[in-house]
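Biologist: I'm new to this one. Could you walk me through how to read it?

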Amino acid sequence: MSAPFFKLGAFGDETSLIVAFLIGIGFGFFLERAGFGSARKLVSQFYLDDLAVFKVMFTAIVTAMLGVTYLAWAGFLDLSLVYLVPTYWIAQVVGGLLLGVGFVVGGYCPGTSVVSTATGKLDGLVFVLGFAAGTFGFALAFPLVKGLYTAGDVGTRTLPQVLGVPHGILVFGVVLMAVFGFMGATWVERKMAAETAKE
Amino acid sequence: MASVAHDVVHERAAERARVAQPYMNPYLAGIGLGLVLLSAFVLVGRGLGASGAFNSGVAWLVSLVAPGYARSNEFLAGYLEDGIHPLKAWLVFEVVGAFVGALLSGLLAGRVGMAVEKGPRVSVRARLALAFVGGGLMAMGAAFGRGCTSGQALTGGALLNLGSWAFMMCVFGGAYAVALPFRRQWR
C-alpha cells in the first residue's frame, strides 16, 4: 500500500494545505468549465431542459468510484484510510431536503457559489453571504436542534455493508444506473427541446 | 434608475454571450472532476468539500467578536482548535484554490464579468433576496447533512457511503418538489 500518501506519512500538515490549494484549483476549474458558475445552467436540472448537473455529477462519481475501486484492488490504495463521514440518516434526510429547496431558491450550492462569485456574479456573492448568515443562525440555534442533528446515528456505514452485497457488484450496479441515467437524461432533454420548439 | 441598471446588466450579458466560449461537454467535465476527486482520495485520503470551509470562516469571525461564546458553542467549537488559526484548515485552502481555478477557467473562456443570474421575469432585487434566503436554507441543510453537494453527494457518492446516498436522493427530491412554485425566478 502506498496511498493515501498523506495518511501514510509521505508529507506533513503544511504540505497537505498546499495540496489542498492545488486540488481546489482543479475542482473550481472543472466546475466552471461545466458551466456551474451559472445559476441558470444549474437550475435547468430542475426544469428538465438541461440535465448537465446530473451528467457531470454522476460521471465524476463513477470516475472516482472506479478509480478507488481499482487502486484498492491493485493493492495501491488502502480504502480503509480514506475518510468516511459517519451516517446520521434522519439528520441527513432533513439536510438533503433543505439543501434541495435552497438550491432552487438560491440557485447554487456552496461549491458552485464560490465559482459563481469568482466569475463576477453578484447573486453568487449574495448567496455566499446568505450561507454565512445561515451557518451563524444554525450555530446560535444548535442547543435547540442538536436532537435532530444527531438523529439516525448508525455510525460509519457503506451501501455494500447495509445491502450485504460485495463492493464490486455495487460498483457495477452504480455504473449501470449511471449509463441508463445518462440515456434517460438525453431523452428527456430532446423531448423538452421538441416541446419548446412547438411553442 | 433601476431599469437603466437592469438594461446595463442585460447588455453586458448579451455581450458576454457573444464572446464567451461554450461550456465543456458534461461527460468530459465530469471525468475531469472525477479525476480531481480521485487525486484527493489518493494524495490526502479525503474527498472534496465546500460547506466545511464556510463553517471555518464563520467560526473564525465569531471567535474574533466573541471568543468565549465561540468556544462554548458546540457547533462552532468543532472548527476551533487551540493554537491553530481557524482558517488554517484543509477545506479553507481547497476552497480558496477553487476560487482561483474557477477564475482561471472563466478568464480563459471569456466568461468573467459582473452579472446577476436570473430569469427574465424577476427583478434583480428579488433575485438577490432569494439568493440570500436560498444560501441561508442551504447552510442549515449542509449543517444537518454534514456536508453539501461536494462533501456528501460527490465524495460520499464515490465511496458508496450510506448517508451520502440518502442525502443526495433527498437533495434532488427537495429541489424537484419546489421547482414549480419557484419557476418565475428562472423561466
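Biologist: How much area do chain A and chain B bury between them?

Modeller: The size of an interface is often given as the accessible area lost when the parts come together. Here that buried area (accessible area lost on joining, 1.4 Å probe, summed over both parts) is about 10700 Å² for chains A and B, with 76% of it on carbon and sulfur atoms. On chain A's side, Phe27(A), Arg33(A) and Tyr47(A) supply 7% of the area, more than any other three residues. Keep in mind that this is a predicted model: local features need pLDDT of at least 70, side-chain atom pairs count only at pLDDT 80 or more, totals for chains, interfaces and linings use all residues, and side-chain values use heavy atoms, without hydrogens and water. Residues are numbered from 1 along each chain as its sequence is written, while chains are lettered from A and ligands numbered from 1 in the order written.

Biologist: How many residues of each chain are in contact?

Modeller: Contact means heavy atoms within 4.5 Å. By that rule, 126 residues of chain A meet 110 of chain B.

Biologist: And how many salt bridges are there between chain A and chain B?

Modeller: A salt bridge pairs a side-chain nitrogen of Lys or Arg with a carboxyl oxygen of Asp or Glu within 4 Å. The count between the two chains is 6. One of them joins Glu14(A) to Lys88(B), with the closest N and O atoms 2.7 Å apart. Helix H1 of chain A (residues 13-33) gives the largest share of the side touching chain B, 17 residues; helices here are DSSP runs of H or I, at least four residues, numbered from the N terminus.

Biologist: Now helix H9 of chain A. What length does it reach, and what length is expected?

Modeller: The expected span is 1.5 Å times one less than the number of residues. H9(A), residues 167-198, has 32 residues and reaches 46 Å from first C-alpha to last, close to the 46 Å expected.

Biologist: Which residues of H9(A) are buried?

Modeller: An α-helix has 3.6 residues a turn, so residues three or four places apart point the same way. Buried means under 20% relative accessible area (1.4 Å probe, protein chains only), and the H9(A) residues that qualify include Leu170(A), Val174(A), Ala178(A) and Thr186(A). Their cover includes H3 (52-73) and H8 (159-163) of chain A, together with H2 (26-44) and H9 (162-179) of chain B.

Biologist: What does Thr186(A) touch?

Modeller: Leaving out residues up to four places away in sequence, Thr186(A) touches Lys55(A) and Tyr27(B). Thr186(A) and Lys55(A) are 131 residues apart in sequence, yet 9.3 Å apart in space, C-alpha to C-alpha.

Methods. Buried area = accessible area lost by both parts, 1.4 Å probe. Helix = DSSP H or I, 4+ residues; strand = E, 2+ residues; numbered from the N terminus. Buried < 20%, exposed > 50% of the residue type's maximum accessible area, 1.4 Å probe, protein only.
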